[in-house]
Amino acid sequence: CGFNPRIVLNKHFPQGRSRVAAEESLLNEFATNGIISNTGKSTKRPNAIMAGYVRMLLDSALYLSTFNSKSEVVEDLKKHYKGNDVKPLINYFRSKVKSRFSVALTCDFLKEYSEEFDLPKPDIHIKDTLCAYKRLADNYYHTEKREYECIKHMQELTSEINKELRSNGQKPITVYQLDRMIWIICSNKFFLDGKVKNNKEIYLLKIK
């Protein structure tokens, strides 16, 4: 529907249609266009991934349809962004889009959606880096509660780095930039440079 949330709702979730019927309508449209999800992992729920995806699409369309522009969405989200306390913002977003968005994916979306949200994505690379740096047990950040702790530790580490940068007359970095640097190293991609294959292993050993 051209990524227009109101058209999506008019087509698949018009007044009088149930939420279940709306989800079925979207699933049928994807199936008609050859887009299905059968991972082979479950014969009982072969469409589980796609079912979660259409729930997310409907949640997103319902939320976005109440605004007229991206700037209005950003302003609505900013009402729940209280400095370094990111939990109200993440909880608010997840209350609007209830399916498929973990803490990590919510952070990933928000940090890419607008520079107003200076967040890290607490993914495996960030977690492993912080565990090495702070001498924590492997998989320390495995719970949702500790993912918020992971975000806080990234904010603190960025502040620590910036103190050093400012003392040397250098420009400070954002949490987003630190996240990006860690990802570039640990993903072993270097944007497809292809010269080094064990960057993350070397990196974590250097930190330790």
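The following legends describe close-up views of a predicted model.

**View A. Packing of helix α1 against helix α3.** Helix α1 (residues 5–12) packs on helix α3 (residues 48–64) with the axes 8 Å apart and an angle of about 120° between them. The two helices are therefore oblique to each other, and their crossing is left-handed. On the α1 side the contact is made by Pro5, Val8 and Leu9, and on the α3 side by Leu58, Ala61, Leu62 and Leu64. By residue class, the contact of α1 with α3 comprises seven nonpolar, no polar and no charged residues.

**View B. The largest pocket.** This pocket has a volume of about 790 Å³. It is lined by 31 residues, of which Phe3, Val8, Leu57, Ser60 and Leu64 are the closest to its centre. At least two lining residues come from each of α1, α2 (19–32), α3, α4 (70–78) and α6 (103–113). Helix α3 provides the largest share of the lining, seven residues. The lining divides into 21 nonpolar, seven polar and three charged residues. Val8 and Leu64 also take part in the contact shown in View A.

**View C. The second largest pocket.** The space in this pocket amounts to about 170 Å³. Its lining consists of Asp128, Cys131, Ala132, Arg135, Leu136, Asp138, Asn139, Glu201, Leu204, Leu205 and Lys208. Helices α7 (124–133) and α10 (199–207) are the elements that give two or more residues to this lining. Five of the lining residues are nonpolar, one is polar and five are charged.

Terms used:
Residues numbered from 1 in each chain as written. Predicted model: local features only at pLDDT ≥ 70, side-chain atom pairs only at ≥ 80, totals over all residues. Heavy atoms only, no water. Axes fitted to C-alpha atoms, helices over the stretch in contact; angles between N-to-C directions. Helix = DSSP H or I, 4+ residues; strand = E, 2+ residues; numbered from the N terminus. Parallel < 35°, antiparallel > 145°, perpendicular 65-115°, else oblique. Left-handed = near helix turned anticlockwise from the far one by under 90°. Contact = heavy atoms within 4.5 Å. Nonpolar A, V, L, I, M, F, W, Y, C, P; charged D, E, K, R; others polar. 1 Å grid on protein atoms, 1.4 Å probe; cavity = no way out; pocket = protein on both sides within 12 Å on 5 of 7 lines; lining within 4 Å. Points joined across faces, edges and corners; volume = space filled by probe spheres on them.
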